[in-house]
Amino acid sequence: AMKDLRLILNNNEKSKKPIGLEGISIERRAIINGGYSYHAQIKVYRPDGTRTKRNKTGATEMEARQKAYDFQQNHLIYKNGKYYLPEEKVEVKEITVAELIDSYIETLDVKDVSKFDYYGFKRRYVLNAGIGRTNSFPQIADLPVSKVGVEHVEQYKSSMLDAGYSPKTINEFKSFMSSVFKYAMKVDLVEKNYFSLVKGVRHEFEPPEFLLAEEAEELLEMAKGSSSEIFINLLVHSGIRFAEGRGLRWRDINIENGVINIRQQISKRSGSVPTTPKTKGSIRTVELNSRLPVFSMLLGLKVQQQQEQPDHSFDENRFVFSHPDGKPLSEQSHRKALEKIQQKLSFQKDKAWSYHTLRHTFVTLMLGAGIDIGIVSRMAGHSDVTVTYKYYSHAIPGEGKEPSTKFAEMIYSGGLEK
């Protein structure tokens, strides 16, 4: 039961011993409208032993003392003749998967385009997982990282397969999340990385879709006079990426010498903001024959854009494929223009194809014509010639003839009949 303060005060006066009120001092202060207020100052100690104060106010001295005493009795810990503040209980909020992804991406020393890709993974497969689809994606965005288990990874695999995602896309996402949880292990947030423990989706390699030479020729013919004629011609003859074509400025093109410098790109994820190209090898110079029709087309476009300006001035920093105000054409406008031309073509492909197919066409036809794979790889801006060989080795003609001849000569002593 609470002790009566008056009894304690009387006992203090009689015995001169501090019983329950040690460490309390009272100060009287005048107030504006007359009269006084009373402030009780309580001497307390923090858990680490350092001294501090707490204050209580009352209209009378007795009220201030009572508040101070109540605070001592109900909120402080009496130990070794001193009153201590209790240990503060700090509630630690566990980091969620979405927060972990942000934290991981910000630690990376990578190009802006890579961060756009990673945030794209988070948006499509974590924040918006399964939106607009009938199958059930695991909802892990707000899940504490310690709660993620093998069942979530397996559910992701099956849900993405059911939704029609390619094995490549599924494995790329799994690889990304594996890196995220490897980081979580490094900073002691989880003990296991289930995204690395679960196997990826096995898939058979399929050569990239490309246009035959006669199909590419028909495309260029049908593109004549269209808004995308120059853009299509440029991609067919140079093999540059769709995003690299969108990011070209006039300063990057030497029309007279047939040279194109790839320095930046405008990707879907970056909107209309230029970013650094995909890989180190993507920053390159593409040398073409200056007599190609595309360069006379580019010259005509440059003159047209200059004449559109009131003072006929020209800014070399302007995007090549842009609106009159200099802003780059949107990805949607480029795609719609290609779709209109595709509807006029006499041929059909087994799969839907896009501007990126023109890049595959360039590499495949160049290799098919016997151009050295190292040269083609550099022109395409691949990070390494092994990338070119991995995806386009099927297009290199005659690779097996010489080895098979030598093998046969070892078996047939008389050699092959001529």
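I began with helix H6 (residues 167-186), which has 20 residues and reaches 28 Å from its first C-alpha to its last, close to the 28 Å expected at 1.5 Å a residue. For my own reference, the expected span of a helix is 1.5 Å times one less than its number of residues. Helices (H or I, at least four residues) and strands (E, at least two) are DSSP runs, numbered from the N terminus.

Before going on, I noted that this is a predicted model, where local features need pLDDT of at least 70 and side-chain atom pairs count only at pLDDT 80 or more, while totals for chains, interfaces and linings use all residues. Residues are numbered from 1 along each chain as its sequence is written, and side-chain values use heavy atoms, with hydrogens and water left out.

**Entry: more on H6**

Which residues of H6 are buried? I found Thr-169, Ile-170, Phe-173, Lys-174 and Phe-176 among them, and Tyr-183 and Ala-184 are buried too. Here buried means under 20% relative accessible area, exposed over 50%, and partly exposed in between (1.4 Å probe, protein chains only). Just after H6, I came to Asp-188, which takes a positive phi of about 65°.

**Entry: the sheet**

Next I looked up an open sheet of three strands, in the order E6-E7-E8, with antiparallel pairing. Strand E6 (253-254) and strand E8 (284-287) are at the edges with a single partner strand each, so one side of each has no neighbour in the sheet. Two strands pair if DSSP finds at least two bridges between them. Strands of a sheet pair through backbone hydrogen bonds, either parallel or antiparallel.

I then followed the partners. Two bridges join E6 to strand E7 (residues 259-262): Asn-254 has Val-259 as its bridge partner, and Ile-253 stands opposite Ile-260. E6 and E7 form a hairpin with four residues between them, and Gly-258 in the turn has a positive phi of about 70°.

Are the residues on the faces of E7 buried or exposed? Val-259 and Asn-261 on one side and Ile-260 and Ile-262 on the other are all buried, and both faces are covered.

**Entry: the second largest pocket**

I read that about 350 Å³ of space lies in the second largest pocket. It has 18 lining residues, and the closest to its centre are Ser-227, Leu-301, Phe-321, Ser-322 and Leu-329. On a 1 Å grid over the protein atoms alone, a pocket is an open set of points where a 1.4 Å probe fits, with protein on both sides within 12 Å along at least five of seven lines; lining residues have an atom within 4 Å of a point.

Which helix gives the most to this lining? H11 does, with four residues. Helix H9 (229-238), helix H11 (293-308) and helix H12 (331-342) each supply at least two.

I found Ser-333 in helix H12. Ser-333 counts as partly exposed because its relative accessibility is 30%. Its side chain reaches the backbone oxygen of Ser-330 at 2.7 Å. Ser-333 and Ser-228 are 105 residues apart in sequence, yet 9.3 Å apart in space, C-alpha to C-alpha.

Last, I checked His-39 in strand E2 (residues 36-45). His-39 counts as buried, at 18% relative accessibility. Its side chain makes polar contacts with the side chains of Ser-37 (3.0 Å) and Thr-57 (3.2 Å). A polar contact is a pair of N or O atoms within 3.5 Å; within protein, one must be able to donate a hydrogen and the other to accept it, and residues adjacent in sequence count only if both atoms are side-chain atoms.

Terms used: Grid points are joined across faces, edges and corners, and a volume is the space filled by probe spheres set on the points.
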